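Please read the numbered points with the model open.

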Amino acid sequence: MTPFEWNFPTKLTYGPGRVSEIGQIAAQYGKKAMIATYAKGSSLDPVVDKVETSLRAAGLDVVIFTGIEPNPRAQTIDQATELFVAEQCDLVIALGGGSVIDGSKYIAATAFSGGKSWDYVVLGERTPREYTGAFPIISIPSISAAGSECNAGGVIQNAETNEKSFSRSPYRIPKVAIVDPEILQSVPMHLTKESCIDIFSHLVEHYLSSHAESEFADRMTEGMILCLMDNFEKIINNLEDLEVRGQLALCSIFGWSGIQALGRLGCIPMHSVEMPLSAYYDLPHARGMVVVIPAYLEHMADAIPHRFAKLARRCFGVTETDDLVAANLLHVRVREWFKRMDAFLTLSDVGIGEDKFEQMAEDVVRMFPGSAPESTAGPRPITKDEIVRIYQLCK
Ligand SMILES: [Fe+2]
């Protein structure tokens, strides 16, 4: 195990109908709340009304910022930040999926610390600006996928440069997450499937990128993968099953909370390879992960075969004793699983051709440089040519 620090400071408030408690909860953090959410006209509109009513009933003033995009743009987040400052808000209520919650984290911390949201992201060799604090955030997830509702991470994109990047800050961890499965019930079939696969991507990212060994983290991860697989199958048979929605919500939260990687926190190569797809083509992140995962697993199996083999044996029924053979079966089994769930997608399925492969690979190694030249961090340094190869395997 590598040394680590970990805590889980978010108060998790779970249960059907509990979104109506937002007023009482928010009153503990201030008198004026900004609700940050997607553009009007979605199935969330009635929930926004419910949240506003509860806040006003508890005596809070409310400012609503709509229009956060599914890939949140730094420029939009900066507008929201200006509004937050001008209105002298005290807290942000992030009502939406990972994009809204990520965006809200940048609003809360940039409003407190100054500058622009993009100043704080990881970008090549530059040293990102550091926050000095953040206004409190309460998250109300409308989908189980990103795990953003209880963690420090956040991804935004720069619409002017077609770059997408991330940062982490403990200041931005939500104080409270209200996880109400009645809100999650209305997520449509294709988004439910893609979100389950995004959760899977978080569970396997560190499992397959670190050379450190931590049996505790492995068993936590494997347990959550098995729980996810089970409930993935159940939810596509009944999208409105509250119990199953609740189980998936926990997979989302704890699958990207750090507990899945205690003692072997690594890097995030699969996510790095996906980011340009979202940045150039506005592909929703979870759909991008559906496309990238099997290809990444296929190309990287020989980089760290004993760990790929362990996952293949423990979660995908592989019995081969040779590590390299078992490792090479992981992508086969994962592809079969995606297809069984009717969730498999290629780049051509999402309308993306090969014309930007070189450019996107170049962006990955420039924005997220690894220790070797012209590479990004992974279980071994991943070169630009290898990233192009991974994109080719996604076709
Ligand atoms: Fe993700």
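1. The model is a predicted one, in which local features need pLDDT of at least 70, side-chain atom pairs count only at pLDDT 80 or more, and totals for chains, interfaces and linings use all residues. Residues are numbered from 1 along each chain as its sequence is written, and side-chain values use heavy atoms, with hydrogens and water left out.

2. How many cavities of 30 Å³ or more does the structure hold? There are two. A cavity here is a set of points, on a 1 Å grid over the protein atoms alone, where a 1.4 Å probe fits but cannot get out, and lining residues have an atom within 4 Å of a point. Grid points are joined across faces, edges and corners, and the volume is the space filled by probe spheres set on the points.

3. The largest cavity contains about 80 Å³ of space. Its lining consists of Ile-143, Ser-144, Leu-184, Val-187, Thr-192, Ser-195, Cys-196, Ile-199, Arg-245 and Leu-248. By class these are six nonpolar, three polar and one charged, where Ala, Val, Leu, Ile, Met, Phe, Trp, Tyr, Cys and Pro count as nonpolar, Asp, Glu, Lys and Arg as charged, and the others, Gly among them, as polar. At least two lining residues come from each of α6 (189-207) and α8 (242-255), and α6 gives the most, with four. Helices (H or I, at least four residues) and strands (E, at least two) are DSSP runs, numbered from the N terminus.

4. For the second largest cavity the volume is about 50 Å³. Among the residues that line this cavity are Asn-162, Lys-164, Met-275, Tyr-280, Asp-363 and Phe-368. The classes are seven nonpolar, one polar and three charged. β7 (163-168), α9 (269-281) and α13 (357-367) each supply at least two lining residues; α9 gives the most, with four. Domain 1 (11-184) and domain 2 (189-393) each provide at least three residues of this lining.

5. Which residues coordinate the iron ion? The donors are Asp-198 (OD), His-202 (NE2), His-271 (NE2) and His-285 (NE2), at 2.1 to 2.3 Å. A donor is an N, O or S atom within 2.8 Å of the metal (3.2 Å for Na, K and Ca), and water is not among the atoms, so sites may look incomplete. The spacing of the donor residues in sequence is D-x3-H-x68-H-x13-H. Asp-198 belongs to helix α6 and His-285 to helix α10 (residues 285-300), so the pair ties together parts that are 87 residues apart in sequence. Both Asp-198 and His-285 are buried; buried means under 20% relative accessible area, exposed over 50%, and partly exposed in between (1.4 Å probe, protein chains only).

6. The angles among the four donor atoms of the iron ion run from 86 to 169 degrees, and the site is irregular. Four donors count as tetrahedral if all angles lie between 85 and 135 degrees; four count as square planar and six as octahedral if opposite donors are over 155 degrees apart and all others between 65 and 115; anything else is irregular.

7. The second largest pocket holds about 180 Å³. A pocket is an open set of points with protein on both sides within 12 Å along at least five of seven lines. Its lining includes Tyr-120, Arg-129, Glu-130, Phe-166, Arg-168 and Tyr-171. The lining divides into seven nonpolar, two polar and three charged residues.

8. Most residues other than glycine have a negative phi. Gln-88, which is not a glycine, has a positive phi of about 55 degrees; Gln-88 sits in the loop between α3 (74-86) and β4 (91-96) and is exposed, at 64% relative accessible area. Glu-374 also has a positive phi, near 55 degrees. Glu-374 lies in the loop between α13 and β9 (375-376) and counts as exposed at 56% relative accessibility.

9. Thr-53, in helix α2 (residues 45-57), is exposed, with a relative accessible area of 56%. Thr-132 is in the loop between α4 (98-113) and β5 (137-141) and is exposed at 54%.

Technical notes:
Domains from an automatic or database assignment.
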